Amino acid sequence: MATDMTSEDGDESRRFQALAKRWHNETDLLSSPSRITSHPAYLEIIGMGRIVIPLILRDLEERGGDWYAALEALTGATPVPSDARGDVRRMNEAWFRWARMEATVPASPSAVDGEVRGEPP
């Protein structure tokens, strides 16, 4: 049985926004992927579960950032082809395409505030 989880739940959305802001503020100028993806706010966001997938995708589109490990951890998917690794534009496109195919967000990547549908991984 599929579970519907709305990403725009007020408290969860506000919590995500606060954590994402902290993560960006403290890591956007770092060059070490391991330091970026091991930041406490990043790990707390992953701990929030699949409900944050649309919020991460929106943040990825609007602000960028190394959200790929979080998306892989939350979805179990690896949609980025090996020849696209390191190419931010292609990596983003692969994740937005995955989201449309999985029906986790509306068709437009600029409207990624839809619902996550499906069983948890």
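## Crossing of α4 and α6

In this predicted model, helices α4 and α6 cross with a left-handed geometry. The contact between the two helices is formed by I53, L57, L60 and E61 on the α4 side, and by N92, W95, F96, W98 and A99 on the α6 side. Their axes approach within 11 Å, and the crossing angle is roughly 145 degrees.

## Overall architecture

The protein chain contains 6 helices and 2 strands, and, read from the N terminus, these elements follow the order β-α-α-α-α-α-α-β. Of its 121 residues, 41% count as buried. When contacts between residues at least 6 apart in sequence are considered, 60% of them join residues that are at least 24 apart.

## The nonpolar core

The largest nonpolar core comprises 30 residues, and those with the most contacts inside it are F16, I45, V52, I56, W67, L71 and W95. At least two residues of this core come from each of α1 (10-27), α3, α4, α5 and α6, with α6 providing the largest share, 6 residues.

## Helix α5 and its buried face

Helix α5 spans residues 68-75, and its buried residues are Y68, A70, L71, L74 and T75. Viewed down the axis of α5, these buried residues fall within an arc of 160 degrees, so they line one face of the helix. In general, an α-helix has 3.6 residues a turn, so residues three or four places apart point the same way.

The buried residues of α5 pack against α3, α4 (53-63) and α6 (88-102). After α5 comes G76, which has a positive phi, near 75 degrees.

## Confidence across the chain

The chain has an average pLDDT of 84, and 77% of its residues score at least 70. Among its elements, helix α3 (residues 40-47) has the highest mean pLDDT, 98, whereas strand β2 (residues 115-117) has the lowest, 39.

Two stretches call for caution. Residues 1-7 have a pLDDT below 50, although this stretch has 22 contacts in the model beyond near neighbours in sequence. For residues 106-121 the pLDDT is likewise below 50, and this stretch has 49 contacts beyond near neighbours in sequence. Where pLDDT is low, the predicted coordinates should not be read in detail.

How values were computed. Residues numbered from 1 in each chain as written. Predicted model: local features only at pLDDT ≥ 70, side-chain atom pairs only at ≥ 80, totals over all residues. Heavy atoms only, no water. pLDDT = per-residue confidence, 0-100. Helix = DSSP H or I, 4+ residues; strand = E, 2+ residues; numbered from the N terminus. Contact = heavy atoms within 4.5 Å. Buried < 20%, exposed > 50% of the residue type's maximum accessible area, 1.4 Å probe, protein only. Arc of directions from axis to C-beta. Core = buried A, V, L, I, M, F, W, Y, C linked by side-chain atoms within 4.5 Å. Axes fitted to C-alpha atoms, helices over the stretch in contact; angles between N-to-C directions. Left-handed = near helix turned anticlockwise from the far one by under 90°.
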